[in-house]
Amino acid sequence: MTDYRAKALVEWRRQHRRGTPSLLEVDQELRAYVDREIVQRTFADLVLMIRETFGPERSISKSSLSRYWRRHKDRLLAKDATLITGADKTGS
């Protein structure tokens with residue numbers, strides 16, 4: 001287990017949360033990459049890109065990517081729409 005994952009697990013348990021945190025909850029660089037690419041790629045393609053970019057230790061499965069998508073899709077789609085249209089939340 002890498003150092004940042006171990007530290008995240010300690011904090012996770014300190015908050016009395018069950019299980020282990022998703023790598024996307026722990027690794028902010030990976031999460032930013034996924035947030036940027038998820039709307040434009042298939043899950044299978046994105047998983048391969050993550051493995052190539054971050055290596056096997058920081059790679060994730062299609063299942064974990066799907067769970068992340070279900071939890072965050074509204075935010076990610078709104079963010080993507082803002083990038084495409086160039087509008088911000090105030091509509092200007």
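Predicted model: local features only at pLDDT ≥ 70, side-chain atom pairs only at ≥ 80, totals over all residues.
Residues are numbered from 1 along each chain as its sequence is written, and side-chain values use heavy atoms, with hydrogens and water left out.

**Exercise 1. The overall fold**

State how many helices and strands the protein chain has, and what share of its residues is buried.

Solution. Start with the elements, which are DSSP runs numbered from the N terminus (helices are H or I with at least four residues, strands are E with at least two). The protein chain has 5 helices and 0 strands, giving the pattern α-α-α-α-α along the sequence. Next, burial: buried means under 20% relative accessible area, exposed over 50%, and partly exposed in between, with a 1.4 Å probe and protein chains only. Of the 92 residues in the protein chain, 34% are buried.

**Exercise 2. Helix H4 on its own**

Check the length of H4, then find which of its residues are buried and why they line one face.

Solution. First, the length. The expected span is 1.5 Å times one less than the number of residues. For the 12 residues of H4 that gives 16 Å, and the end C-alpha atoms are 16 Å apart, so the two agree. Now the burial: Leu46, Val47, Ile50 and Phe54 are the buried residues of H4. Seen down the axis of H4, they fall within an arc of 100°, so they line one face of the helix; the arc is that of the directions from the helix axis to the C-beta atoms. On the face turned away from this buried side, H4 carries the exposed residues Leu48 and Glu52. Finally, look just past H4: Gly55 takes a positive phi of about 85°.

**Exercise 3. H3 against H4**

Describe how H3 and H4 pack, and list the residues in contact.

Solution. Take the geometry first. H3 (residues 28-37) and H4 (residues 43-54) pack at about 145°, with axes 11 Å apart. Axes here are lines fitted to C-alpha atoms over the stretch in contact, and angles run from 0 to 180 degrees between N-to-C directions. Then the residues, where contact means heavy atoms within 4.5 Å: H3 brings Glu29, Leu30, Tyr33, Val34 and Glu37, and H4 brings Leu46, Met49, Ile50, Thr53 and Phe54.

**Exercise 4. Ser64**

Decide whether Ser64 is buried or exposed.

Solution. Locate Ser64 in helix H5 (residues 62-85). Its relative accessibility is 12%, so Ser64 counts as buried.
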